Amino acid sequence: MKYDHKSIEKKWQDKWEEAGVFHASNANSKPKYYALIEFPYPSGQGLHVGHPRSYTAIDIVARKRRLQGYNVLYPIGWDAFGLPTENFAIKNHVHPAEVTKKNIARFKQQLQSLGISFDWSREINTTDPDYYKWTQWIFLQLFKHGLAYKKEMAVNWCTSCKCVLANEEVVNGVCERCGSEVVRKVKSQWMLKITEYAQRLIDDLDLVDYPDRVKAQQKNWIGRSTGAEVDFTATTGDKLTVYTTRPDTLYGATYMVVSPEHPMIEKWADKLKNIDEVRAYQAEAARKSDFERTEVAKDKTGVRLDGVAAVNPVNGKEIPIFISDYVLVSYGTGAIMAVPAHDTRDWEFAKKFDLPIIEVVKGGDVEKEAFTDCATGIMVNSGILDGLTVEEAKKKITEYLSEKGLGHPKVNFKLRDWVFSRQRYWGEPIPIVYCEKCGYVPLPESELPLRLPDVKSYEPTDNGESPLAHMTDWVMTTCPHCGGKAKRETDTMPQWAGSSWYFLRYIDPHNNEALASEEALKYWTPVDWYNGGMEHTTLHLLYSRFWHKFLYDIKVVPTPEPYAKRTSHGMILGENGEKMSKSRGNVVNPDEIVNEYGADTMRLYEMFIGDFEKAAPWSSAGIKGCRRFIERYWNLQNVLCEDKGVRKSLEISFNKAIKKVGEDIEALKFNTAIATLMALMNDIADAGTITKDELKIFTVLLNPFAPHVTEEMWALMKFDGAMACQQAWPEYNEAKCTEDTIEIVVQVNGKVRARLSVAADIAKDAAIAAAKADEKIAAELSGKTVVKEVYVPGKLVNIVVK
Ligand code: ANZ
Ligand code: ZN
């Protein structure tokens, strides 16, 4: 019979759905397993061949877990709010909801054609009012707990998207999405206090299994830094506090710098002789992004505040104060003590403005460059600190300052609060009204969802207001608190809102009373395995950990962390090794691959393409090789023999393959798992025939990778009423996994009772298990209590019983 992927694949997709074999159940005595992939944004381009790399990998894990007897939840949904849809809607004059509906239909059809074992009965959509009701509900809880607040602030403004961006969305000074210039704009914004969770977001990384690079990136982003705050006094009598990580270098401070936005400048305005020059500099700095301002390579600029100076608290020396844009208002105290001998930026600034450079740690040549790498250096020119190591000096000076009331130890974080409002239409309305009498008032929960009204035009306005602001009827409302006139918030939430908690909704997606029932949350959380992109490490992954911790604090979820294990896949590149893109003309259409070669080949190929965690270029030749392998498997039905069981000649091949495929799946080594199956196929070909039992095992091993063809084989062979995906994952015998066997003796209470042939490198547990599985030993042990088990490697097992 010829292998016809088209008829086979559609048939089994329908059968699975009819039988509901991938539906997870919330009332189940089996152990649970929650497998998760980052739900897609249903873009107009349809599915990219990169999507199935992640989905297939976790599908393999999910399918294997089902075969291992778990109740598996592997859900899917749509992260459907966001700019591309809105921009498309503006350009083509269609409602974003219409665009979303169409895009979802296409994505769904494409995903279903791949035979991924999603539980479609739990499909969610972040733009569905029944879903965003709960996104709004969470926002209200944040507001009620003081973690959502409104603030006038300079924000990142994308000149092309006409929209505020979070710090995380600004990459190398440009908009992450469109690559356009990002400028500073002062606007009133909704903010979320993620900074309140900074320490816990670091500490609790110890509770989870994430790749080291992901943990490191999150820690870096949160940026915990320890040092001290030190009070300098200005000649005006005002206190000027700095944050420093190097209090030991205090004697080397030869000038101070305050950020151009520092409030003290206003206070000193009438004392400054060069106030015009200062103002001009402030205006210039306001136009730059933090990225531009803090770039190390950038030429240092600044203006000396003419008319005031500062006094160094430890030696009473008077030093000048500058404003410069390399000091940010939003970090530390917005003011620094500058130590040019030991800080590169200060050194460059001092050279340019001809300021003194005083060496306080010995070991470098501070006339040539700043000596920064001085952890082992000895203090000089430092009064009470002379002769100490840097570490000793840090401790001593901090104690000294604390005693004198001149400073104290201080921890700072780079992490900033999350700018949460967007001046766009296609997002969740923020359920807050503004009343002149009562201020910002939350909508009563009974009024959720606050639906997104229809508007005539989705164009953002140049003055930075959301299109909702034009909807006078919708905007004008009454205050839930005093009943007086009030205005609705017209900004919407960012795209990250819906994805910050979506994995909780899958658990109980049709619940009208709560975001999910307590019972269901208790059963399913945390997510056992979550795979997604590295690009989300400091965005979605961090945001959702923050929301989850908040929900944990208010007792909505039972676990402090949302995801027990996180992994990341590499990108799939074009055949030329470059990123796939329309402009490069190297985009592979998944529909064409599925159509021509079948979903099983596509799946197998994407898993075989290379190291899962690394980028890999597409290869047409590779696709053909995978197709040939599936055809070889299909043709095994022509070489069936009458023998029973696994034949002696293939015993080692099968045991080895079961072991290796199982272990490789757990370690994300899908490519070597497939290579193992290919080697097993070769061994079978050498044997010339296959027994039904051997074919059964091969079929179950291959099933998570190529689910359709294996189902068809199972049915054709009339193996056993149920489907291949409902069988048990095969077991292996450790002793039969390697040709390299040795003989060990098995003793019971010191008497030799059996001799066993086992793998030479057998582990203790496996050796003892093999011993107990032996018939004679089992008989010896029956009815007795094992009190001790000893394994002397390569020699013997002794079991002591009572
Ligand atoms: C004196 C000093 C001497 C410093 C030295 C460094 C080396 P992290 O590790 O990033 O926390 N700083 C403090 N506030 C700043 C701001 N708002 N804008 C720009 N720079 C600021 O770095 C803390 C160090 O960065 C602080 O320690 C301060 O310079 C500077 F040999 O103080 B240091
Ligand atoms: Zn009111």
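Helices α20 and α21 are roughly antiparallel to each other, a label for angles over 145 degrees; under 35 counts as roughly parallel, 65 to 115 as roughly perpendicular and the rest as oblique. Helix α20 covers residues 648–666, and helix α21 covers residues 670–687. Their axes come within 8 Å and cross at roughly 165°. Axes here are lines fitted to C-alpha atoms, for helices over the stretch in contact, and angles run from 0 to 180 degrees between N-to-C directions. Helices (H or I, at least four residues) and strands (E, at least two) are DSSP runs, numbered from the N terminus.

The crossing of α20 past α21 is left-handed. That term applies if the near helix is turned anticlockwise from the far one by less than a right angle; clockwise gives right-handed.

## The model and its confidence

This is a predicted model, where local features need pLDDT of at least 70 and side-chain atom pairs count only at pLDDT 80 or more, while totals for chains, interfaces and linings use all residues. Residues are numbered from 1 along each chain as its sequence is written, and chains are lettered from A and ligands numbered from 1 in the order in which they are written.

The protein has a mean pLDDT of 93. This score is the predictor's confidence in each residue, from 0 to 100. Of the residues, 99% reach 70 or more. The model also scores ipTM 0.96 and pTM 0.87.

## Domains

The protein is assigned domain 1 (29–135 + 497–573), domain 2 (224–413), domain 3 (578–732) and domain 4 (735–801). These bounds come from an automatic or database domain assignment. The centres of domain 3 and domain 4, taken over C-alpha atoms, are 35 Å apart.

## Around ligand 1

How many residues surround ligand 1? The shell has 17, and the closest are Ser225, Thr244, Arg246, Gly332 and His342. A residue counts as near if its C-beta atom, placed from the backbone, lies within 6 Å of the molecule or strand. Strands β11 (239–244) and β15 (335–338) each supply at least two residues of this shell.

The shell contains 7 nonpolar, 8 polar and 2 charged residues. Ala, Val, Leu, Ile, Met, Phe, Trp, Tyr, Cys and Pro count as nonpolar, Asp, Glu, Lys and Arg as charged, and the others, Gly among them, as polar.

## Backbone details in loops

A cis peptide bond joins Leu448 and Pro449, with omega about 0°. Pro449 sits in the loop between β19 (439–442) and α13 (472–475). The bond from Thr525 to Pro526 is cis too, with omega near -5°. Pro526 belongs to the loop between α15 (518–524) and β22 (529–532).

Asp354 is not a glycine, yet its phi is positive, about 55°. Asp354 lies in the loop between α11 (344–353) and α12 (390–404).
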